[in-house]
Amino acid sequence: MGSSPWPACVSIITISLFVNMAFGFNRLVSKTELWGGTLVLLILLMLVCGAWWESLSLETLVGMNTAQEVNNMKLAFALFIWSEIFFFIGLFWAFFHSALVPSDELGCMWPPIVGIMPMDPYALPLLGVTILVSSGYSANWAVKTVKAGFNDWRSMGVTVGLGILFSCLQLYEYKSAGFTMQDGIYGSCFYLITGFHGLHVLAGTMFNIYCLKMMVYGSYSPSHMTSIQMSVWYWHFVDIVWVAAYLFIYIWGNWGMYVTPYAVWMKKMEIFEHKNWPGIVDILRFLFTIY
Amino acid sequence: WSGVFGLSLSHCMRIELSHPGEWLQVGYMYHSIMTMHAFMMIFFFVMPTSIGGLGNWFIPLMIKIKDLSMPRLNNLSVWLALGSLFLMCMAFLSSGGLGCGWTMYPPLSNSEFMDGLPIDLAVFSLHMAGMSSIAGSINFLVTIFNMRMGALFFMSLNPMLIWTLFGTSILLVTSVPVLAAGLTLLLLDRHFSTSFYYPEGGGDPILWQHLFWFFGHPEVYILILPAFGVISHILCRSSAKLHVFGKIGMSWASMGIAWMGFLVWGHHMFVAGLDIDTRAYFTAATLMIAVPTGVKVFNWLATIFGGVYSLKHSHPSTFWAIGFVLLFTIGGLTGVILANAALSTLLHDSYYVVAHFHYVLSMGAVFAIFGGFWFWFPFWTGMVPRKDLVLTHFMLTFIGVNFTFFPMHW
């Protein structure tokens, strides 16, 4: 077993990527060079990683990995997911830091009182959550079939399909959103977490596609199913992050979205001075006035 | 599988940046040099040597296996570390230099004040170093967890170095991603007009401080834990004992320091305007970490006690180890003083803080590295160094660091 060139390649590509980005961000190279270079380097990186993983699977096929080695790799992947969890904890920290005690510039309210029209969490995002959670179920189904001894690739196909559907949904949501990443801390946090989550969904989907390919060729057996287990773990991690993001950012974060305009309206209609909440009479009166 | 992925030993990079120049580079260069001094020492000297170097060499030896699990990952860790060094040097040498301090607080490091290449390169460099650390730590954790062979049951795992490297790896795997998050936010702020650290947009520079120090405090334990392991080894060898006194207690103390290290980051933020109760909590938690650390010091003293010593015959590394115990304790005591929020406020921005961390680092981590180097030198090279020369090394260093840093307490 000789030396592998892939780690050095990964490092060199990473250096080039970072230098490219650093120069590009500071406008020392043209925009095309920045994004073109980044694209080329990312593709190169994926090729090198692919070669690395290919040699990994070749080693498995040849029988070089003992059972303990396989255990090692599973633990290593679990630790990698652990580190990813803490990365997201850092990102969520930013969100909670800003949202729990909204600053004066935001009007001491979250969502900020000016300029942000939050999304309705019970519309498109709810569909997204449903899609992703069901893809978690189909991923479990895939693992169960492999454990039972037959490679039912439809299960993984459903997972991949739902994952792609989710990504498309999110893209549409981004396009139709009423705010951008530049719109203050609300926009920054929102796109930060959903954006990084989206990148992880893409990575997880690619891993799932690889497992799908393996299942189509019937390569898994109950004693050789490490990669699909890892892939499904990763997919579950991605799913849980999204559920957390949905609950905290979409629902909890936008909690005031129905109330705030309502409160403003109530102030305007001077209903507030008479009682705490308008009753049916006030609503009827209001309807009468606008009629 | 445990084949010739030979670059793992090149983790033993000995890169030292001497103290900032006195006469020549003044003005803005001073900030650059100071920043680079910190980055170099922490990320490219202590960490690669004690974690990469010692870990790669000794973990396989001490748990009696041939090589670390996943040598390719190890290799990746080396290459990423080298790349990180390259980027950091690029940052230093590019226009303006890196004048933001190793803690890189916004708004100074944000685009309003330091728009330009150096900080971006430094951010990317730290990203790479972080990836390198995570990769290495995953490797160590997997190896230690899974590949203990023979009669080394987990709880009575003998070599202290294994325990401390285990703790170090857990710290790395958990805290580095939070640094990565903070760095990413800084990068986005600098170039994508986000508002994470800009109050005008609702953001908060304190957020950076939280994220950075949530990494930063475990980082300093990462720097010192392997040193603890080395000292245990040297002392028990010097005292002609089989193992350090109270080895189970020592293991628990190391784990305790590692775990509690996550709970105290706020003591770097005592003047940032935190709530009084928050400061009270962090004071209390920080003071509590002194307990397991004290346990370790007492156990080392107990190891020395009853040992056979003779100045003429003792190995030079004994001096390093005893010097460590003495000077690290002094540094720890100044740390206990700084743990108090009220005193810390008074001592903030003073040389007292500099004295504290240089005592625990230059005299803690570095003494352990030098001591370990001379302790294991015959083992690594098969040659025995001349004792008087090694002792001279020790005396000069000892006198030097003490003269440099002791006066800073005033």
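Trainee: Which residues make the nonpolar surface patch of about 680 Å²?
Mentor: In this predicted model, the patch is made by L39(A), V40(A), I43(A), L44(A), M46(A), L47(A) and M206(A). Patches consist of residues with over 30% relative accessible area and no salt bridge, with like charges joined within 9 Å and nonpolar side chains (Val, Leu, Ile, Met, Phe, Trp, Tyr) within 5 Å. A salt bridge is a side-chain nitrogen of Lys or Arg within 4 Å of a carboxyl oxygen of Asp or Glu. Areas come from the Shrake-Rupley method with a 1.4 Å probe, and for residues only the protein chains shown count as cover.

Trainee: Which helix gives the most to the patch?
Mentor: Helix 2 of chain A, residues 31-62, with six residues. Helices (H or I, at least four residues) and strands (E, at least two) are DSSP runs, numbered from the N terminus.

Trainee: And where does M206(A) lie?
Mentor: M206(A) lies in helix 6 of chain A. M206(A) is partly exposed, with a relative accessible area of 47%; buried means under 20%, exposed over 50%, and partly exposed in between (1.4 Å probe, protein chains only). K213(A) is in helix 6 too, and K213(A) is partly exposed at 42%.

Trainee: How far apart are the end C-alpha atoms of helix 6 of chain A?
Mentor: They are 47 Å apart, which agrees with the 48 Å that its 33 residues (184-216) should span at 1.5 Å a residue. The expected span is 1.5 Å times one less than the number of residues. After helix 6 comes G218(A), whose phi is positive, near 65°.

Trainee: What does UniProt list for residues 184-211 of chain A?
Mentor: The unreviewed entry lists "transmembrane region" for them, and 232-252 is also one of its listed spans. UniProt positions are given in the numbering used here, feature names are shortened, and annotations may be inferred rather than shown by experiment. In the model, residues 184-211 are 100% helix and 0% strand.

Trainee: Switching to chain B, how many helices and strands?
Mentor: Chain B has 11 helices and zero strands. Buried residues make up 62% of its 410 residues.

Methods. Residues are numbered from 1 along each chain as its sequence is written. Chains are lettered from A and ligands numbered from 1 in the order in which they are written. This is a predicted model: local features need pLDDT of at least 70, side-chain atom pairs count only at pLDDT 80 or more; totals for chains, interfaces and linings use all residues. Side-chain values use heavy atoms; hydrogens and water are left out.
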